[in-house]
Amino acid sequence: MVVRTRFAPSPTGYLHLGSARTALFNFLFAKNQKGVFILRIEDTDRERSKKEFVDDIIESLQWLGINYDEGPIFQSERIEIYKRVIEELLNKGKAYRCFCSKEELENKRLEQITKGEPPRYDGTCSKLTKEEINEKLSRNVPYVIRLKVPEQVLTFKDLLRGEIKYDLRLIGDFVIAKSENEPLFHLATPVDDYYQGITHVIRGAEHIPNTPKQILIYKAMNWKPPIYAHIPLILGEAGGKLSKRHGAKSIKEYRAEGFLPEAILNFLVLLGWHPKREKEIISIEEVIKEFNLEDVEKRSAVFNSKKLIWLNKFYLRKKTSQEIEKIILADEYLKYLRDYLNKYPKEITYKIIELGKERANTIKEIFETMKFLYEKFDYPKELLIWKDYTFDQIKSSLINVRENIKNIPEDKFNYEFIKQVLDTLSEDKGLTYWPLRVALTGLEASPPPIDIMLIYGKEKSLELINKAIDKLNDIQIS
RNA sequence: GGCCCCGUCGUCUAACGGACAGGACACCGCUCUUUCAAGGCGGAAAUACGGGUUCGACUCCCGUCGGGGCCA
C-alpha cells in the first residue's frame, strides 16, 4: 500500500510555524515511506478564506522546500462530491434534516444544563415522518443536516498515543452541513480524505476531539478509516497555542528578515522529533531517511526563538558571500536589501558580507552590523577611551596611528602590512586598536579595524581618524 | 464547567524496569582576543507531588496537582 498524507490548511491566515510543522511532518513521513504528499486547501468557509492566504501557503511551502506531489486541491471546487455524500447519508437514514430553530435549540440547551446533563441535540427531528419533512420543505422552513450518532463509546487508535476513548453520548447528533450545498468541516474533511486515498492523517493535537466525529462519517458511509497520528502542539513562549493572533510570526515574516529555510526546517523538525544519534544540526535529506512517526514526542513543545536564531546564525555563517548575494537578488522579500549591494564595488561588498555574516543572526542583520559603512555616524568622544587612559593619551595614540598609516604606500595597504605597522605602536595593543576602531565605526562592538580600513581605503580611513582627533581637541578647549 | 491529551534542567530533548539522569539552546565563569562574533574549557540547572507494584521505578498502576486542547 502506498502511503498518502496530506496537509489541509484553511486559508484564513498566513502560514505560520505551527502549521508549517504539520506540513513538514506529513511531508517527512510520506517521503520516508516513499509515499505521496498532497496539499489540500480547505476553503469551504467562503467568508474567511482569502486568495491572499492561499498564495501565501503555497509560496511559503515552496520556499521551505516542503514540496507536494499532488494538489493544491480546493474543497470549494468539490461541492458536488459532498452533495452526493450528504444525499446518500440522507437516503440511508444515517443523517437527517433538522428544522429546529435557534431559539428552540437554545432553550433545550439551557434546560439540559440546569438538569446537569451535557448539552447536546435531543434528536427531535430524527423522528419526523416523511410527510412532516415534505411539509416543512414545501414551506421552506430553514434546516441543517445532522448525522445520527450512536449512543456508545467510540475507540480509535492514535499512532502516537495508543487507544483514545470517546463517549459519543456527549456529542449528540451534530451538524455536518448547513444544507446540501454547504458542507461543514466535519463532513468535508473525511470525505476528501477518503476520496483522495489518504492513508495517514497527521495533524495537530487540537484535532483529537474532532476525530471521533470524522470516523463516524466513515462508518456511516461504510468506508475504512485512515490511520490517525496527532502530533503535539507548539505553544507560544508566553504559553498557549502558537497562533496567528498570539504574536506568532508567519513564515513570510521570517523570510523577509533573512532567516534561511534550512534553519527553520531544522528547528521545526527538532520540535517533537530527534535523530537517533544525538545531534542538533541535521539536513532534511538525513531526516527523511530516519523519520519515524512513532518516535514523535507526545507532549506539546514551547517555541524557543533563541534556538531558531542560533540555528539560523549557524547556517548563515556557512554560506559564502556570493551565496548570500544570490539569495538577496533572487528573493522578492529581500528586495529592500538590494541597495546595499551597489554602494561599493563587488569585491568590497563580498568582504562586507563576509565580515557581517560572522556576527549577524539574519541576512538583514548583516547590513545592520555594517551600517557605519552606509550612513553617517556619530559617537560620544568618551567612547574613544580605552581602559583608564586619558583623553591626551588616546589622542596621541590616534595621531601616532594616523602618521604611520599615512606613511604606508598605497601598494602596501594590505592586511599583513598594516598589522605589522600597528602592532608595534604600543605595548598595550588595545590603546592602538580600540580608539582606531571606534573612530572607524562609532560603535562599541564591530568587526576589527584593519578589515574596515581595507574597505574604506586609506583616504577615507585617515579622514575618520582625523575626525576622532578633532573630537578630542575640543576637550582641551572646554 | 464537561470531555480529551500531556507532565525529565528556564526551553528543546536522551535514558531494554538496573549509569554520577546524558546532550543542545539560553544563562554564569574562565580562556583566546583591541571590541563584538565565533571557538575552547568549566559551572549552575530536571525526573510535579503522594501512594502503590518490584530486590530495584524517570520508566508500570492509582490518586492529587499542574499545563494544554476541544466543546459549551
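This is a predicted model: local features need pLDDT of at least 70, side-chain atom pairs count only at pLDDT 80 or more; totals for chains, interfaces and linings use all residues.
**Exercise 1. Describe the largest pocket and identify the parts of the chain that line it.**

Step 1. The largest pocket holds about 1,300 Å³ of space.

Step 2. Its lining comprises 46 residues, and those closest to the centre are A8, P9, S10, T12 and H207.

Step 3. Two or more lining residues come from each of β1 (4-7), α1 (17-32), β9 (182-183), α6 (185-195) and β10 (200-204). The greatest contribution is that of α1, with 4 residues.

Step 4. Sorted by class, the lining of the largest pocket contains 16 nonpolar, 16 polar and 14 charged residues.

Step 5. At the domain level, domain 1 (1-73 + 232-318) and domain 2 (80-182) each supply at least three residues to this lining.

**Exercise 2. Carry out the corresponding analysis for the second largest pocket.**

Step 1. The space in the second largest pocket amounts to about 300 Å³.

Step 2. There are 14 lining residues, with L90, A95, R97, K130 and I133 nearest the centre.

Step 3. The elements giving two or more residues to this lining are α3 (79-91), β4 (95-98) and α5 (130-138). Of the lining, the largest share belongs to α5, which provides 4 residues.

Step 4. By class, the lining of the second largest pocket divides into 7 nonpolar, 4 polar and 3 charged residues.

**Exercise 3. Determine how K51 and D55 are paired and how exposed each residue is.**

Step 1. The criterion for a salt bridge is a side-chain nitrogen of Lys or Arg within 4 Å of a carboxyl oxygen of Asp or Glu. The closest N and O atoms of K51 and D55 are 2.9 Å apart, and the two residues form a salt bridge.

Step 2. Both residues belong to helix α2 (residues 51-64), where they stand 4 residues apart, about one turn of the helix.

Step 3. K51 has a relative accessible area of 60% and is therefore exposed, the threshold being over 50%. D55, at 33%, is partly exposed.

Key: Residues are numbered from 1 along each chain as its sequence is written. Chains are lettered from A and ligands numbered from 1 in the order in which they are written. Side-chain values use heavy atoms; hydrogens and water are left out. On a 1 Å grid over the protein atoms alone, a cavity is a set of points where a 1.4 Å probe fits but cannot get out, and a pocket is an open set with protein on both sides within 12 Å along at least five of seven lines; lining residues have an atom within 4 Å of a point. Grid points are joined across faces, edges and corners, and a volume is the space filled by probe spheres set on the points. Ala, Val, Leu, Ile, Met, Phe, Trp, Tyr, Cys and Pro count as nonpolar, Asp, Glu, Lys and Arg as charged, and the others, Gly among them, as polar. Domain bounds come from an automatic or database domain assignment. Buried means under 20% relative accessible area, exposed over 50%, partly exposed in between (1.4 Å probe, protein chains only).
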